[in-house]
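Here are a few notes to read alongside the model, in case you're meeting it for the first time.

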Amino acid sequence: MTRGPATPLPSPKARRRLREAASLTQTQLAERVGVAPGTVRAWESGRTTPRGRKREAYAKLLKTLAEEEESAARQAARTPQPAPPPKTEPTGDRASAPEACPGAEAEPEPGPGPEPEPGPEPEPEPVAMPMREPAPESQPRSTREPVPEPRPAPAPLTPAQAFDALYEFSAPALVRQTFLLTGRREQARESVERAFQTAWERWPEVARDRDPVGWVRATAYEYALSPWQRFRPRHRHPEPPPADPGDRTLLNTLLRLPPRHRRTLVLYDGVGLDLPETAAETEASTPAAAHRLLRAREAVAGRLPALADPQVLHRRLAELASNERLGAARPPTVRRGGERRARFRTRAAIAFTVALIGTTALTVRTAPTHYEPPVSPGQAVRGVPPRVAPGSLSDEELELRQKLRDQMQHGPERLSPQLE
């Protein structure tokens with residue numbers, strides 16, 4: 001399950017190059033797009049990708065910077081270059097010129113003598129035209145070399161085939177690199193699989209990227225170094241360390257480093273990236289990445305003095321990653337797992353939306369339409385005699401009732417309609 005193509009964006013390295021070519025800082029670019037400087041830093045490192053209106057504004061701004069750079073390059077190309085200085089002829093007497101060029105006649109200097117009589121002009125010497133070599137005789141058809149038939153153009157790869165090729169090419173190395181960051185085999189494998197599943201969900205964007213492996217590597221490292229990993233039950237149970245004592249000591253030294261220093265050391269001395277690429281992938285400036293690299297090397301050399309040389313450290317990191325048997329799942333399995341996860345999330349979002357709509361409708365249906373004040377709780381009233389139980393009337397009460405019944409009831413007469 002893939003998403004629709006969004007607005008195309010250049011690669012993270014090209015984004016950073018366009019900004020630096022325009023002499024803009026990350027803060028200035030963030031103000032023009034309307035985001036925070038940290039967001040621009042994450043975009044340029046490939047850690048995150050803009051979406052929605054921010055993506056449209058960012059793509060439009062990068063397109064403007066690219067057009068300005070192209071116009072500046074064209075203007076520089078149109079500017080005439082300064083002509084090369086003329087070649088200086090060797091100095092010498094005029095009389096020695098004919099000796100330098102044998103066969104060249106010296107021009108006579110004009111003088112006041114009489115002009116020579118015109119004579120018959122000499123016929124021009126025939127110019128030797130280069131003769132074209134005769135074409136070789138046509139050979140019989142049987143002795144000619146067979147003309148190779150044009151090969152048909154290879155059919156373009158489908159998205160699934162391109163994804164499988166990228167996975168088979170880079171997944172084993174990424175699993176070993178991630179193991180150097182986490183020291184856990186299962187977590188390294190899961191991080192790489194999650195990164196490739198995310199890449200499959202955003203495959204149109206990853207396929208157009210200039211460095212798809214770097215995109216997946218940044219996502220895998222981010223997932224592997226997430227602080228939420230420590231809350232998983234699997235993290236509470238340690239895995240068996242490497243069998244070799246040297247590998248075990250080096251791995252423990254790496255795990256003692258801060259995550260940022262460890263990641264910088266693995267990218268520069270393990271993967272082999274240069275300093276600007278390492279800084280871009282770790283979302284840091286080049287001086288900050290250099291400082292982290294020096295601190296990490298000092299910490300490793302403090303515990304293992306034999307690894308003070310960067311070449312030796314690079315070789316030992318490669319050996320440590322290669323000694324572990326770390327396998328990766330098959331590409332179709334990873335791709336189907338990502339599709340199942342995407343379907344599950346989609347269905348969960350639909351179910352949550354339906355439940356929210358149903359709850360809202362039920363609330364609107366059963367909600368009261370008018371305000372009913374609450375009944376105050378009853379309170380005991382003191383000073384009132386208790387109510388007497390019913391019984392027979394006394395003589396005075398009977399006499400009073402009879403008197404009320406016998407008296408005439410005075411009041412307005414009853415009106416009855418009458419015809420006039």
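Which residues form a positive surface patch? Bear in mind while looking that this is a predicted model.

1. The positive patch is built from four arginines: Arg336, Arg340, Arg343 and Arg347. To find your way there, look for helix α15, which covers residues 331-366 and holds Arg343.

2. Asp395, Glu396, Glu397 and Glu399 make up a negative one. For this one, go to helix α16, residues 395-406, where Glu396 sits.

3. Is Glu396 buried or exposed? Exposed: its relative accessibility comes to 66%.

4. Now step back to the whole chain. You'll be looking at helices here: the chain has 16 of them and zero strands. The chain runs to 420 residues, and 27% of them count as buried.

5. As for the surface, the chain exposes about 32,000 Å², with carbon and sulfur atoms supplying 56% of that area.

6. One last thing, on contacts. Take those in the chain with a separation of 6 or more: 72% of them are between residues 24 or more positions apart.

Terms used
Residues numbered from 1 in each chain as written. Predicted model: local features only at pLDDT ≥ 70, side-chain atom pairs only at ≥ 80, totals over all residues. Heavy atoms only, no water. Patch = residues over 30% accessible without salt bridge, like charges linked within 9 Å, V, L, I, M, F, W, Y side chains within 5 Å. Areas by Shrake-Rupley, 256 points an atom, 1.4 Å probe, with all protein chains shown as cover. Salt bridge = Lys/Arg side-chain N within 4 Å of Asp/Glu carboxyl O. Lys, Arg positive; Asp, Glu negative; His and termini not counted. Charge placed at Lys NZ, Arg CZ, Asp CG, Glu CD. Helix = DSSP H or I, 4+ residues; strand = E, 2+ residues; numbered from the N terminus. Buried < 20%, exposed > 50% of the residue type's maximum accessible area, 1.4 Å probe, protein only. Contact = heavy atoms within 4.5 Å.
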